[in-house]
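Here's a quick briefing to read next to the sequence and the 3D view. Keep both open and look up each residue as you go.

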Amino acid sequence: MLNDWLFVGLMLVMAPIFPIAALIIPRILAPKKPNPLKSQTYECGIETVGDTWIQFKAQYYNFALVFLVFDVEIVFLFPWAVAFNQLPLYGVIVGILFIEVLVIGLIYAWRKGILEWF
Amino acid sequence: MADPVTFIAQWLRDYLTNLGLASEWISVIMAALGVVVLASAVLLVDIFLVWVERKVVARFQDRLGPNRLGPFGLFQPIADVIKLLIKEDITPQGADKFVYNLAPILALATVIMLWAVIPISATVAGSTINVGALYIVAVGAIGTLSIIMAGWASHNKYALLGAFRMVAQMISYEVPMVIAILIPVILAKSMTLTDIVESQSVWYIVLAPIAAIVFLIGAQAELGRAPFDLSEAESEIVAGFHIEYTGMKFGLFYAGELLHAMTFGGLFATFFLGGWRGWGAETYPILGIGYFFIKAMFMYWVIMWIKYSFPRVRIDQMLNFCWKFLTPLILTVLSITAIMDKLLTGVPYWIYVLAMLLMNLVVLYFVYRTVGSYARKERQKVADPAKVRVNFPVKASTTPTQVS
């Protein structure tokens, strides 16, 4: 059990090392001739106007909220699926009721027009 | 001597014991060696995938593809890597340097991390943690983070637009995809990927074809491949979130994307195609590695096939398809699968399989009918627009400070 997590932990440490190595090699090999024109923001030849970090469309936020509700639901459903053999039929039906409550939430969001994009 | 991998592992363990090391240290050394071997093997496959991708694209577009360097152009990816390594690295002005450099590292590292739990053969599996399916979902979500980091830190409007679209798409399609993973978990009653593979005496694509299709569509969207490649729509926003990346940093995004596609092929094989299972894979586990990679490469090819056959969808179509079609569909299938699995405890396995398949086919039939009538209505709208009442009029956003 602990050995399994040891492997995952080592993987979390080792996995970034390969890309980091791939970024260090060009520092040694690649030419470095910086120039103000070269580092300009690329917009197909047109100079960029104004700041980039500005307010953006609020609808992305709506979708993120709906996603959050469903993601939390899924996290709760995983233990339910694993313990399936120990559950009586009643437990399964309660789990499905839990899903349906969220489906009602989805229908509400749908009717409210949150899922429309304009 | 049926399995060389166990043999080598046992020989190494004996050798280290003879050196007089404590058993805890032996476990740490073995795990570290395993991680290095697995990560290197995955990256080797990744370099080979560059060749596969270019060759297959070429065939789909009736071209020859790389054929100059080495036999069949096999050394082309090595030339590509050397070229990327000696390219000048440009940081755009106004970029948030730390986040800008961290994003490509995360993009590739998270995909390598996914391979920690995928069982490659009966004896070769990085880790058999009991929350394997959840680990895949969790680590896969860090990939989303790397994209928003890249788009935000580049200080480029196109990159920011691409990142927003990509994140909206990835978080939306994560919902049906993760629920599709839940169905094999219910069928196997375990989140450990090795258990899921071992319980597939009949492949789960037979028991849960709808979940398999939804998982494939979700994977396509998570990868940002056509028809869901809004984030890098060349005709609109040039290259999306990685527009400002040059040299090896772009290379890491590219390698990460290819390896991610291959990983999704492997995950599809693990969840629905029986993973390493095949004739003789139990007695000779080394065969399992071959079976696993054949299945994973086949699914990778299917993902490419879809990518090069379909045109791009619009963002509203993409979101509608996810929230108003895939999510309700997969929630329905999940509920019915759960009830049927409970009701069918104790019946012979072939009846169980047939009942599950029949249930899926019935649901598919109703979906076909519903979607068909909806499509008829939509066609009518185009043919005779005067009759149709518009629910949500399109508003043009006029403020210059707002990007969509």
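B:Arg225 is buried, at 1% relative accessibility (buried means under 20% relative accessible area, exposed over 50%, and partly exposed in between, with a 1.4 Å probe and protein chains only). Its partner is B:Glu53, and their side chains meet in a salt bridge at 3.3 Å, N to O (that is, a side-chain nitrogen of Lys or Arg within 4 Å of a carboxyl oxygen of Asp or Glu).

This is a predicted model, where local features need pLDDT of at least 70 and side-chain atom pairs count only at pLDDT 80 or more, while totals for chains, interfaces and linings use all residues; side-chain values use heavy atoms, leaving out hydrogens and water. Residues are numbered from 1 along each chain as its sequence is written, and chains are lettered from A and ligands numbered from 1 in the order in which they are written.

**Salt bridges**

- B:Arg225 lies in the loop between α9 (209–223) and α10 (234–237) of chain B and B:Glu53 in helix α2, so the pair ties together parts that are 172 residues apart in sequence (helices, H or I with at least four residues, and strands, E with at least two, are DSSP runs numbered from the N terminus).
- B:Glu53 is buried too, at 4% relative accessibility.
- B:Arg312 forms a salt bridge with B:Asp229, with the closest N and O atoms 3.0 Å apart.
- That pair links distant parts of the chain, 83 residues apart: B:Arg312 sits in the loop between α12 (285–307) and α13, and B:Asp229 in the loop between α9 and α10.
- B:Arg312 is partly exposed at 30% relative accessibility, whereas B:Asp229 is buried at 13%.
- Over all chains, the whole structure has eight salt bridges.

**Two buried residues**

- B:Thr110 belongs to helix α4 of chain B and is buried, with a relative accessible area of 4%.
- The side chain of B:Thr110 reaches the backbone oxygen of B:Leu106 at 2.9 Å and that of B:Ala107 at 3.4 Å.
- Skipping neighbours within four places in sequence, B:Thr110 is in contact with B:Val139, B:Ile142 and B:Gly143 (contact means heavy atoms within 4.5 Å).
- B:Val50, in helix α2 of chain B, is buried at 13% relative accessibility.

**Chain B as a whole**

- Chain B has 14 helices and zero strands.
- Of its 404 residues, 53% count as buried.
- The C-alpha atoms of chain B fill a box of roughly 85 × 65 × 40 Å along the principal axes.

**Where chain B meets chain A**

- On the chain B side, 89 residues are in contact with 77 residues of chain A.
- The two chains bury about 7600 Å² between them, 76% of it on carbon and sulfur atoms (buried area is the accessible area, with a 1.4 Å probe, that two parts lose on being put together, summed over both).
- B:Lys157, B:Trp323 and B:Lys342 supply 9% of the area that chain B buries against chain A, more than any other three residues.
- Between chain B and chain A there are zero salt bridges.

Methods. A polar contact is a pair of N or O atoms within 3.5 Å; within protein, one must be able to donate a hydrogen and the other to accept it, and residues adjacent in sequence count only if both atoms are side-chain atoms.
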